[in-house]
Amino acid sequence: MKNRISGLLMETGTPYNKEKLHGRAYFAELLGTLQETPVSVRDLLRLSRGQLDLFESIQSRLVKELVGDPELAERVERLRSIDGVGPILALTWVLEIGEVKRFASIRQAHSYCGLTSAQHNSAGIDHRSPISKQRNKHLQTMRIEAAKLAPRFNEQLAAVHSRELGRGNRNRATLAVARKMVAYLMAVDKSGRPFQPRTSETGVMVAHGSDRAV
């Protein structure tokens, strides 16, 4: 619906603020300036906005019910102790992974999340193929999208991203962050304890949590 709204405005040559477009107040103000725009286009814009509001309302209620589910709440709360992990990402992990102990290793979890690629050697040089298509597609998408944002809220993930980015490939940097996040999620989920990263200065394990999350 957001793409549809943007597309309709572009087709009519209407200038708009991309960052503010989907805010209710700005959208209402923008509609008021479209007096010379065909009525049919204005009606489509209102319809698209109404559908967007309905979807967001349904999504909000669904997430609230899931987060409050007694069988999910405790597990989701533990996962959210990882900086950069919010309710959507935590719920997606819990619902798509199911019983985490079915994965004997992080490598298996990486494979299930579609974060691994085939590797072969030719003339002494290692070559990697694109990431696997044998995966949980929804979980893969969530992991990659979250990995693009998580370094903003998590110092450890930011360091991973910076290191890999220094090697010249932004996609590989994102993939490295996604894999590290899976390792964090696996550790918390299997241990049944909140995230406790090791500080680089002291080597001491400390409790770690934040409301800043994806």
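**Exercise 1. Is Glu74 buried or exposed?**

Work from the predicted model. Start with the relative accessible area of Glu74, which is 57%. Next, recall the cut-off: exposed means over 50%. Glu74 is therefore exposed.

**Exercise 2. Describe the salt bridge between Asp53 and Arg49.**

Step 1. Take the distance. The two side chains meet at 3.0 Å, N to O.

Step 2. Take the location. Asp53 and Arg49 both belong to helix H3, residues 39-68. Their spacing is four residues, about one turn of the helix.

Step 3. Take the accessibility. Asp53 has 22% and counts as partly exposed. Arg49 has 7% and is buried.

Step 4. Look for further links. Arg24 joins Arg49 and Asp53 in a network of salt bridges.

**Exercise 3. Which residue forms a salt bridge with Arg163, and how accessible is each of the two?**

Step 1. The partner is Glu164. The closest N and O atoms lie 3.6 Å apart.

Step 2. Arg163 has a relative accessible area of 46%, so it is partly exposed. Glu164 has 14%, so it is buried.

Step 3. A search of the whole structure finds eight salt bridges. The pair Arg163 and Glu164 is one of them.

**Exercise 4. Work out the surroundings of Arg75.**

Step 1. Locate the residue. Arg75 is in helix H4.

Step 2. Classify it. Its relative accessibility is 18%, so Arg75 counts as buried.

Step 3. List its contacts, leaving aside neighbours within four places in sequence. They are Trp93, Val94, Ile97, Gly98, Val100 and Asp189.

Step 4. Pick out a polar contact. The side chain of Arg75 makes one with the side chain of Asp189, at 2.8 Å.

**Exercise 5. Where is Arg152, and how far is its C-alpha atom from that of Asp83?**

Step 1. Arg152 lies in the loop between helix H7 (137-149) and helix H8 (155-165).

Step 2. Its relative accessible area is 64%, so Arg152 is exposed.

Step 3. Arg152 and Asp83 are 69 residues apart along the chain. Their C-alpha atoms are separated by 9.3 Å.

**Exercise 6. Summarise the whole chain.**

Step 1. Count the elements. The protein chain has nine helices and two strands.

Step 2. From the N terminus on, they run α-α-α-α-α-α-β-β-α-α-α.

Step 3. Give the share of buried residues. It is 36% of the 214 residues.

Step 4. Consider contacts between residues at least 6 apart in sequence. Of these, 54% join residues at least 24 apart.

Step 5. Finish with the surface. The accessible surface comes to about 13,300 Å². Carbon and sulfur atoms account for 52% of it.

How values were computed. Residues numbered from 1 in each chain as written. Predicted model: local features only at pLDDT ≥ 70, side-chain atom pairs only at ≥ 80, totals over all residues. Heavy atoms only, no water. Salt bridge = Lys/Arg side-chain N within 4 Å of Asp/Glu carboxyl O. Buried < 20%, exposed > 50% of the residue type's maximum accessible area, 1.4 Å probe, protein only. Contact = heavy atoms within 4.5 Å. Areas by Shrake-Rupley, 256 points an atom, 1.4 Å probe, with all protein chains shown as cover. Polar contact = N/O pair within 3.5 Å; in protein donor to acceptor, adjacent residues only side chain to side chain.
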